[in-house]
Amino acid sequence: MRRPSISLEQLVKIGSSLLNRKGLTEFALKDVAHEVGMRLPSLYNYIESREHLLMLIAEDTAKRFYQLLSAAAQEGDGTEKIRQVAEAYLNFAWDYPGEYELMQAPTFWCQSSAGPIFESIFELVRQLTGDWRLAPEVETHFYRSLRSFLHGFADIGRQQGFRRPQALESSAQFGLDLLLAGWQEYLAKQSSISR
């Protein structure tokens, strides 16, 4: 019987699909092997371990995530671009739940080439807030508060924790508007203090 042949790129794509269906905890190489039509030992001709495949998926996911956010940041002014990026972020989290979960696990992106891509995402947000002239430490606080809001909303939404009749997207937009208004008020106060 001839052993099936598969490229590493195809293996990452199949692994990503399984990860999105099963989640990080339930992701198993035996399922990947079954999906590609080979026995588990044959899979080790392509990858070293489960962690190795997850790192490859993390790298691919980080690239696609950055491209998606970057494309979303092309329209409007700074605040509108942040809204577009936030919407893209949440849609990614809800459309690719396993990959999103993987992105939250530093083990897989800190030890791979995905780490610098996440730094590029921080740089993208920094560029979007360039007109605000934030001090470096304040940039970090803004980025963390934005990411925390988005992650919290994405995670609770993924787990269907919002059991209200209102559209999830509307609630996300409302919360983001409040966050941005708070930041704009903060910046106005800081500006008046420095005068």
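**Reading the labels**

Modeller: Gladly! Of the 195 residues of the chain, 42% count as buried. This is a predicted model, in which local features need pLDDT of at least 70 and side-chain atom pairs count only at pLDDT 80 or more, while totals for chains, interfaces and linings use all residues. Residues are numbered from 1 along each chain as its sequence is written, and side-chain values use heavy atoms, with hydrogens and water left out.

Biologist: What makes Leu-134 count as buried?

Modeller: Buried means under 20% relative accessible area, exposed means over 50%, and partly exposed is in between (1.4 Å probe, protein chains only). Leu-134 has 11% relative accessibility, so it counts as buried. Leu-134 sits in the loop between helix H8 (114-128) and H9.

Biologist: And why is Glu-139 called buried?

Modeller: The relative accessible area of Glu-139 is 16%, and the limit for buried is under 20%, so Glu-139 is buried. This residue belongs to helix H9.

Biologist: Which residues does Leu-134 touch, not counting residues up to four places away in sequence?

Modeller: They are Thr-129, Glu-139, Phe-142 and Leu-187; contact means heavy atoms within 4.5 Å. Leu-134 and Leu-187 are 53 residues apart along the chain, and their C-alpha atoms are separated by 8.4 Å. Glu-139, leaving aside its neighbours within four places in sequence, is in contact with Phe-122, Arg-126 and Leu-134.

Biologist: How many helices and strands does the chain have?

Modeller: Ten helices and zero strands. Both are DSSP runs numbered from the N terminus: helices are H or I with at least four residues, strands are E with at least two.

Biologist: Why is H1 called oblique to H2?

Modeller: Helix H1 (residues 8-22) and helix H2 (residues 29-36) pack at an angle of about 125°, with their axes 10 Å apart. That angle makes H1 oblique to H2, because angles under 35 degrees count as roughly parallel, over 145 as roughly antiparallel, 65 to 115 as roughly perpendicular and the rest as oblique. The axes are lines fitted to C-alpha atoms, for helices over the stretch in contact, and angles run from 0 to 180 degrees between N-to-C directions.

Biologist: Which residues of H1 and H2 meet?

Modeller: Leu-11, Ile-14, Leu-18, Arg-21 and Lys-22 of H1 meet Asp-31, Val-32, Glu-35 and Val-36 of H2. The residues of this contact divide into five nonpolar, no polar and four charged. Here Ala, Val, Leu, Ile, Met, Phe, Trp, Tyr, Cys and Pro count as nonpolar, Asp, Glu, Lys and Arg as charged, and the others, Gly among them, as polar.

Biologist: What do the buried residues of H2 pack against?

Modeller: Their partners are H1, helix H3 (40-43) and helix H4 (50-72). The buried residues in H2 are Leu-29, Asp-31, Val-32, Ala-33 and Val-36. After H2 comes Gly-37, with a positive phi near 80°.

Biologist: How do H5 and H9 cross?

Modeller: The axes of helix H5 (residues 78-95) and helix H9 (residues 136-158) come within 9 Å and cross at roughly 35°. Among the residues making the contact are Ile-82 and Trp-94 of H5, and Phe-142 and Leu-146 of H9. The residues of this contact divide into eleven nonpolar, two polar and two charged.
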